[in-house]
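Here is a short briefing for a first look at this structure. Keep the sequence and the model side by side as you read.

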Amino acid sequence: MNPAHLHLIFNHFPIIIPIIGFLVMLAGFAFRSELLKRTAFGLFILGALFTLPAFGTGEDAEEVIENLPGIEETFIENHEEAAETFAYLSYGLGVFSLIGFWANWKQKSLANSISIAVLLFAVVVLFFAKEAGTTGGEIRHPEIRKGFVAPEE
């Protein structure tokens, strides 16, 4: 298993886990369930933790693929920038969720406001997760790039 393979294994978790967390948080509000909200906070924290190995394996993955035929440096650079922004936002969501988990657990007066703020911040993070995922996919998948035209048979 090489570093590019490791990167591919890890890079899906920081995107998928917060999506699930977002849905669980929405359910927490819909059902007025503090348990579901705490579960969502936990998922956001877990997503942030999975960002560490995904982000940490990126440079080594680049070394493996940058000289392969069909790989364009501009797509790698775009992905690096998107992934860096997403990583820092993901870490922020994890820290913010840790605070929200604590406030919810201790039944602090701001717990519901923090839950709403985390939910809104998660939307921003998920936008950047989509950007990181899409730019990463564009490195090896020209069919998802803007302006791609499928060859006629």
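**Helix α3 and its partners**

The buried residues of α3 are Lys-37, Arg-38, Ala-40, Phe-41, Leu-43, Phe-44, Gly-47, Ala-48, Thr-51 and Ala-54. They come from a predicted model. Their packing partners are α1 (3–10), α2 (13–30), α4 (58–65), α5 (73–105) and α6 (111–140).

**Length of the helices**
- Helix α3 covers residues 34–56, which is 23 residues.
- At 1.5 Å a residue, α3 should span 33 Å, and its end C-alpha atoms agree with this at 34 Å apart.
- Helix α5 has 33 residues.
- From first C-alpha to last, α5 reaches 47 Å, close to the expected 48 Å.

**How α3 meets α5**
- The two helices pack at an angle of about 150°, and their axes are 8 Å apart.
- An angle over 145 degrees counts as roughly antiparallel, so α3 and α5 are roughly antiparallel to each other.
- The residues of this contact divide into 13 nonpolar, seven polar and four charged.
- The crossing of α3 past α5 is left-handed.

**Asn-104 and the end of α5**
- Asn-104 lies in helix α5.
- Asn-104 counts as buried because its relative accessibility is 3%, and the cut-off for buried is under 20%.
- Beyond its neighbours within four places in sequence, Asn-104 is in contact with Glu-34, Lys-37, Arg-38, Phe-41, Ala-111 and Ser-115.
- Among these contacts, Lys-37, Arg-38 and Phe-41 are also buried residues of α3.
- Gln-107 follows α5 and has a positive phi, near 55°.

Notes
Residues are numbered from 1 along each chain as its sequence is written. This is a predicted model: local features need pLDDT of at least 70, side-chain atom pairs count only at pLDDT 80 or more; totals for chains, interfaces and linings use all residues. Side-chain values use heavy atoms; hydrogens and water are left out. Helices (H or I, at least four residues) and strands (E, at least two) are DSSP runs, numbered from the N terminus. The expected span of a helix is 1.5 Å times one less than its number of residues. Buried means under 20% relative accessible area, exposed over 50%, partly exposed in between (1.4 Å probe, protein chains only). Contact means heavy atoms within 4.5 Å. Axes are lines fitted to C-alpha atoms, for helices over the stretch in contact, and angles run from 0 to 180 degrees between N-to-C directions. Angles under 35 degrees count as roughly parallel, over 145 as roughly antiparallel, 65 to 115 as roughly perpendicular and the rest as oblique. A crossing is left-handed if the near helix is turned anticlockwise from the far one by less than a right angle, and right-handed if clockwise. Ala, Val, Leu, Ile, Met, Phe, Trp, Tyr, Cys and Pro count as nonpolar, Asp, Glu, Lys and Arg as charged, and the others, Gly among them, as polar.
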